[in-house]
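Walk me through this structure, one piece at a time.

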Amino acid sequence: MIKPEEIKMSTDESGKWGMVIDQDICTGCQACVAACAMENNISFVGEADSGYGRSMHWIRIERFWEGEYPEVKMTPNQPMMCQQCGSATCEPVCPAFATIHSQAEQLNLQVYNRCIGTRYCANNCPYQVRSFNWRDYERPEPLPNQFNPDVTVRRRGVMEKCTFCIQRIHKAQDKAKSEGREVLDGEFTTACAQACPASAITFGRVDDPESLVSQLAHRGHGVKHLEELGTLPNVTYFKGG
Amino acid sequence: MSDKLSRRDFLKLAGVGAASTAVLTGCGPASRSVKREPYMQMPEYTYNGLSTYYATTCRECAAGCGLVVRTSQGRAIKTEGNANNPLNLGKTCARGQATLHGLYNPDRVTDPIKRTRGNASGDIVTWENATQIVADALKNNKPEEIAFLMGMAPDHLFDLVADLANSTGINAPVRFGALNMFESRATLSKAAENLFGEAGLPFFDVGGAQVVFSFGANFLETWLSPVSYTRGFAGLREGQTKKRGTFVQFESRMSSTAGKADEWMPLRPGTEALVALAIGRLASELRGGSMPRAFADVDPLEAASKSGIKLETLEHLAEMFANSTGALAIPGGTALGQSNGLAVAEAVLALNAIADNFGKPGGVFFSALAPNQTEYQRSASVKEMQEFVQQMADGKFKVLFVHGLNPIFELPASLDFKNALKNVEQVISFATFPDETALESDYVFPDHHGLESWGYQRVATGSAQPVLSGAQPVVSPFYNTRATADVLIAAAQLASGKFAEALPFQDEVEFLQSKISPLMSEADGFFSAADIDTFAAYFQQYGGWWKLSDGRAVPNSADVLNRSLSSAEAEFAGEGEFFFVPFVSPTLAEAGANKPWLQELPDPTTTVMWNTWVEINPVTAEELGLKDDDVVTITSEAGVLEVPVYRYPAIRPDTIAIPFGQGHTAYGRYATALDENGKIIKRGVNPTDLLGQHFNEAGDLAFAGMKVNIKKTGKKQLLSRLESIMGVYGVGLGEEK
């Protein structure tokens, strides 16, 4: 039998992509949400289904209230997406190995054609960031003209979630490789970070101490959400204020 | 290329090609005429699997942010900000992202049509006929019987029509937009004129300030130039002054802008001028010296009792303002949309004189005029629109051309634009989408979508440099639409005589080049070129032309504090019990409701999607016996609405608020809803239905100057929201209040 201290967690940071989000300057404007939807071919579900909580946002802006009028305060807007956990709780519960950890990028992958729709992973995600295709949502012609050819279009019965725009990561890596160099810091970024008017989202290699995202992550006042669960999340938040 | 080329070398070269696609190209669909054809023969600039990127300008609002659109095999895939454009520096808002859902919207007007007014179906006419109809309309009516009503974008078309009007004597085009109404642009410009002796649109350098007091300006949502102001806000918080700046918002309902404030001051609506002057007085006392005349007459104690802000709080705010080396005060939005709006704007602008920040980093400027502009031009105020509608109702216009706005939806219902339209013999709409006004027109001659269009947009504010954002087609037109500029040029040729002389152009592109060619000889440009073809190619490639120097002007502040300023409170129309605050939906704005992903974006403060709600303080709701999703009737002197309740914790108990953006009866399937019989009905409501015709002294609508009554109907309508309602107000826990 394996003793708990012998369980190896993937704390190795090689090839690790990460994000830093500054909640102090996030204005909650939803530009990242729209950018994500456009980049990743995310379905809209309509009024009735969104009322059931079936909307497919891969990123959402959380805001909470503190206190009561007139001393009421809105907590700093909190963009929440898949935290690309180093030790993800969604992974071990999948009976089909549809959600797995990638060695190359140190990301939490979702393999759509393996997914059988048990929804165990969403049930086990402490961040509630996985969304399930409850239907084949209608996107009448000519809306599909907008589809990003780099991203799979999902159908009913499949779980999906933020991928850290893995198609952009691969594109940048391919290009760098063809030019015989490493991917440069800031050469590309995720759709949410690219759109953000306040530049509240920074994306890059957290294993490279020189990268902007590493420098920010080590500023000291960052927090990782639900870290106490041992999920080793890859997104650092600045509460600010 | 040498004859002998190994496969390896070829692949290397192809790799270079791949790398160079990242550079913005100025060719491709930007060639003179745009034809839509299948890729039987791939154009030389297109490679399978490789994207082409085009710089253009966003048309979702009139701010003029630059875009770079990724296209793949002739389809637009993704919009990004143009990193070169000094206004938005590579960033976009949600509406800019969703513009593709307008381009590929399933409900666009696909062909030129003739219709019986009010009838959704129509007969397709040819473009030749359409052009002839426009030509006849120009030629067969007296010049004073021809009117153009235009939106705030695009500017090149406005210039074309203005030129046509100038040389033929037809009425000068009138511009309007609901966003401008809610921004109170006329008030801002009038206040600047009164205080600085010069009309213009002020620019507030939020990024360079250390303390920002905003009176109702929702600059992180839709106000003036939200992407640029959001960048400024980020600068305030973390960057430019190396010290985290403080932000205080004064308004009766916490907007998503106020949600970011360090302190939110829920003052009693109408007391903004009083509070601003009281802070001015207290701050001047702290600063010492003689009391400026502007603040001499105000009594802080009275301000405290009337506004509901404690005197200690006012003193604390004044101290914060007086002791900062970078204080800035911004008037805007609801604070100006009241009967005393002009006084509020003057009082708040005058606060800046204490900080003496005019023309300094972190202070107040006049916005840089765009490169091809000589003086500030503002849109029509609602007062001016009222006169326009009256002229329509009086039958002064025989033909009305409408482009770029939807007046039936955007103007308050009390102006009764729809009814006045009946007295116009011929209404020709150039709408891209089947909106309410297009439905009430005789002809719809659809313009291309913004991403299929040529053009330029003047950046009215938000950038220190003078910027002219350029637009080019990023894809070939998807439908049988035609550029309105081309239709007008062709019609003017057909109409011959003075019309043909007014627009002596072969097409839109030649007109555009005639407008940008004077910039070639201007110094200090981002680029220059000796001939117009090269200049125009650069203009397309970079997405416009801008100067490298700061074009903002310094307001003359010599007399600001020496005039006496009014601290009068606002008067409210109607006998109602509650102050009524309509506000622009930050995600939908005036024209976003037909884009499905914008509908599905949660409102930043309430997280409601796809519908309209009324925000009521939970305590008030309890007194009225209201819970979430209860439908209430809201009655003002001008109208009645039925709308479900959202209990909003951050609003004054005597105030209610409704977002503007929904309530369409036309405008496509996503903007409307279907009843159980499949009939098209309204989605949500339009709060402007409650607005009466009351104005401030600058002619802007007193949209936040109404009082309304609420009545429970007993009906329920479930609002879709992203947040869970479990646990909120005890819902679902067996202890519901």
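Helix H18 of chain B runs over residues 484–495. It has twelve residues and reaches 16 Å from its first C-alpha to its last, close to the 16 Å expected at 1.5 Å a residue. That expected span is 1.5 Å times one less than the number of residues in the helix. Helices here are DSSP runs of H or I with at least four residues, strands are runs of E with at least two, and both are numbered from the N terminus.

This is a predicted model, in which local features need pLDDT of at least 70, side-chain atom pairs count only at pLDDT 80 or more, and totals for chains, interfaces and linings use all residues. Residues are numbered from 1 along each chain as its sequence is written, while chains are lettered from A and ligands numbered from 1 in the order in which they are written.

Is H18(B) enclosed or open? Ten of its twelve residues are buried, so H18(B) is largely enclosed by the rest of the structure. A residue is buried if 20 or more other C-beta atoms lie within 10 Å of its own, exposed if 12 or fewer, and partly exposed in between, with C-beta atoms placed from the backbone. Among the buried residues are Thr484(B), Asp486(B), Leu488(B) and Ala495(B). The partners of the buried residues include helix H4 (127–139), helix H5 (155–168) and strand S14 (399–403) of chain B. Contact means that two C-beta atoms, placed from the backbone, lie within 7 Å.

Now step back to the domains of chain B. Their bounds come from an automatic or database domain assignment. Domain 1 covers 19–104 + 456–480, domain 2 covers 113–177 + 380–447 + 482–521, domain 3 covers 181–366 and domain 4 covers 578–730. The centres of domain 2 and domain 4 of chain B, taken over C-alpha atoms, are separated by 32 Å. Their contact takes 17 residues from domain 2 and 20 residues from domain 4. On the domain 2 side, H14(B) gives the most, with four residues.

Asp629(B) is not a glycine, yet its phi is positive, about 75 degrees. It sits in the loop between helix H23 (618–623) and strand S23 (630–635) of chain B. Asp629(B) is partly exposed, with 17 C-beta neighbours inside 10 Å.

Turn to chain A. It has six helices and twelve strands. Its radius of gyration, taken over C-alpha atoms, is 18 Å, close to the 18 Å that the globule rule (2.2 Å times the number of residues to the power 0.38) gives for 241 residues, so chain A is as compact as a globular protein of that length. Of those residues, 42% are buried.

How do the chains meet? 43 residues of chain A are in contact with 49 residues of chain B. H1(A) gives the most to the chain A side, with seven residues.

Chain A has its own backbone features. The peptide bond from Tyr69(A) to Pro70(A) is cis, with omega near 0 degrees. Another cis bond joins Glu141(A) and Pro142(A). Arg119(A) has a positive phi near 65 degrees, and its place is in the loop between strand S7 (108–110) and helix H3 (120–124) of chain A. Most residues other than glycine have a negative phi, and most peptide bonds are trans.
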